[in-house]
Amino acid sequence: MQGIIYNGRTSRATACVAASQLPPEILTRIFSLVPQGGYDDYDEDGLAPVFGPFGLRPVTDLLPLLLVCRYWRDVAFGDASLWSTLEIYEGRSLPVVVKHRSAEGPLDVHIYERATENTLEELKRVGHLVREFRAHDIGTLALPSYVDFAGDELRACKLSIRYQRGHPRLDPYISLFKGFTPRLRSLYFQGIGIFLPSNQFPSLTHLLLQGEVYCPPAIFKFSDFLTFLAGCPALETLHCAFLDQARMQQLPGPTRTLHPVSLKRLRKLSVVEWSINHTNRFWEDLYRGADFRLSLLSHLVVPDRCLICVKTILPREFADTVKHFPESFSYARPFPCLHMSARKLVGGYAEAANGNGVDEECLSFQFVDPDYGHPRGIRVDVQNPGERWFTRNPGEGRWAIYKAMSNAPLFIGVQKLWVSHAGLITLQDSVLSQLPHIVTLVIDASSEGSEDVDHLTALGVPDEDEDRFEYEDWAEDVEIDAPNLSTLCVHLSTEEQLEAVLRVVKYRKDLGRPLRRLVIRSGEEASDEFVVNTKGLADLVEECILLTHEEDIPDDLRWERMVPPECREASEAHTFWPAWY
């Protein structure tokens, strides 16, 4: 037993000796890779670990390393960069050892809750070293003292501001970090309706602005907001969340009456509005309408390669919204690909990070142009009548959407349509009648609750007991939706669905509008008889591809291959920029 203990001690000693022989530079680099215990992929605000090129980093937990041996402790204490993150909680001051070890290196300061006066004074002294700054739950009156230091080295900043009821309001324009932030790249304001920064941010590339709910109306004008955006000419990403709640003064609406702001480098733009929910007794007080959205969209000049996401709006606002996207889109080529998906009310809180981020009882329209030099895309999510939003006329929402589809330029050039079962059921009638240039249609009919064939009404399914020979003599006079449809891909799970598709294929062939390519992917519960019956379709089309539920459909029919790379996963802030599939 003593021999075993001795051998174990020898092995550990040998390992420590080997590690102690590493040069301090390498050991320091290894130490810097140690993550914070329990750090998740997203923080409490939905921010990914990196928001923009200089994101807010997790804190490194060095305490266990200091206990290994004296050499490790000396190396750790000797490098200022390892002690650059300061986490300050209510009533606490800057740690003495951290202040001392960080005197020569950059600082990442995270202030949670209220900071003491001593902490804020010390922050002013070392502020020129601050690289990342995050302050939570700042009272409106205390804000000026939090940002009263020079931002010489500042790369990333997040300010979460809380309106204090009953207190005097701030000056609507506040200079941040002495008005000097030459290297700031990433900025997140939570509570932007309370004030506007008066300084410019020439190097800023990523900006997230979040409005404050239950806050008095802003005391600055919309033109002041445009001036602020004009001071950020290098923006690549702009997220505007709940800014309708700010109730800025003198919103011009869709008519361009002010000088527009040109953001020539912008790649991502999102306008997310407060969720429409009649079950919230304060809903009428929270809904602000489309004025801010239309004002912003009509006063921005962005490159046609900019990706735009707008959610969630009412159906009656859909037509005006899609007509007033930045003017650069009016001159660009049409969007050839459209994805329509919907989500039913399932109860409980809807996690925005799940799926493609479609809210409950909403219909999502996602337009993309994958063949463009720079992939383009527009997404608009619309609230449908239901438990969250109800009207006296349930068909109001559906007809408002149809009207927009028939008149808006966005829909004119659509040639390929991907649609979910829920999306078709939501609209009930044929969507193909609004998209006359469709040549490719992909329907996912394998999801839960899609055992019926109602979703196949989009294909113009003839009545099952209709005599197909009755219309052969006058087939030339029959109008059919999507007359140029040549490729159909359907995910099926029941015999009834298969029979409906068979009727569609025969119907179009008899009318002189045959399908050229048919792809059928059977559901997981498909029987052997179902698979055998699908082979009967092979003689009705030029190309018939039959797949099991384990096989993927061809790449040219997969929506995820069409979506621009920046939309294939929830990046930066998943609450405001959800994945598009």
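Modeller: Helices (H or I, at least four residues) and strands (E, at least two) are DSSP runs, numbered from the N terminus. This is a predicted model, in which local features need pLDDT of at least 70 and side-chain atom pairs count only at pLDDT 80 or more, while totals for chains, interfaces and linings use all residues. Residues are numbered from 1 along each chain as its sequence is written, and side-chain values use heavy atoms, without hydrogens or water.

Most residues other than glycine have a negative phi, and most peptide bonds are trans. Phe177, in the loop between β5 (173-174) and β6 (186-190), has a positive phi near 55 degrees. Its relative accessibility is 0%, so Phe177 counts as buried (under 20% relative accessible area, with exposed over 50% and partly exposed in between, for a 1.4 Å probe and protein chains only). Phe242 also has a positive phi, about 60 degrees, and belongs to the loop between β9 (237-241) and β10 (261-262). With 13% relative accessibility, Phe242 therefore counts as buried. The peptide bond from Lys311 to Thr312 is cis, with omega near -5 degrees; Thr312 is part of strand β13 (residues 307-313).

As for the helix pair, α8 (residues 222-230) packs with α10 (residues 291-298) at an angle of about 45 degrees, their axes lying 12 Å apart. In α8, Phe222, Phe225 and Leu229 meet Phe292, Ser295 and Leu296 of α10 (contact means heavy atoms within 4.5 Å). By class, five of the residues in this contact are nonpolar, one is polar and none is charged.

Key: Axes are lines fitted to C-alpha atoms, for helices over the stretch in contact, and angles run from 0 to 180 degrees between N-to-C directions. Ala, Val, Leu, Ile, Met, Phe, Trp, Tyr, Cys and Pro count as nonpolar, Asp, Glu, Lys and Arg as charged, and the others, Gly among them, as polar.
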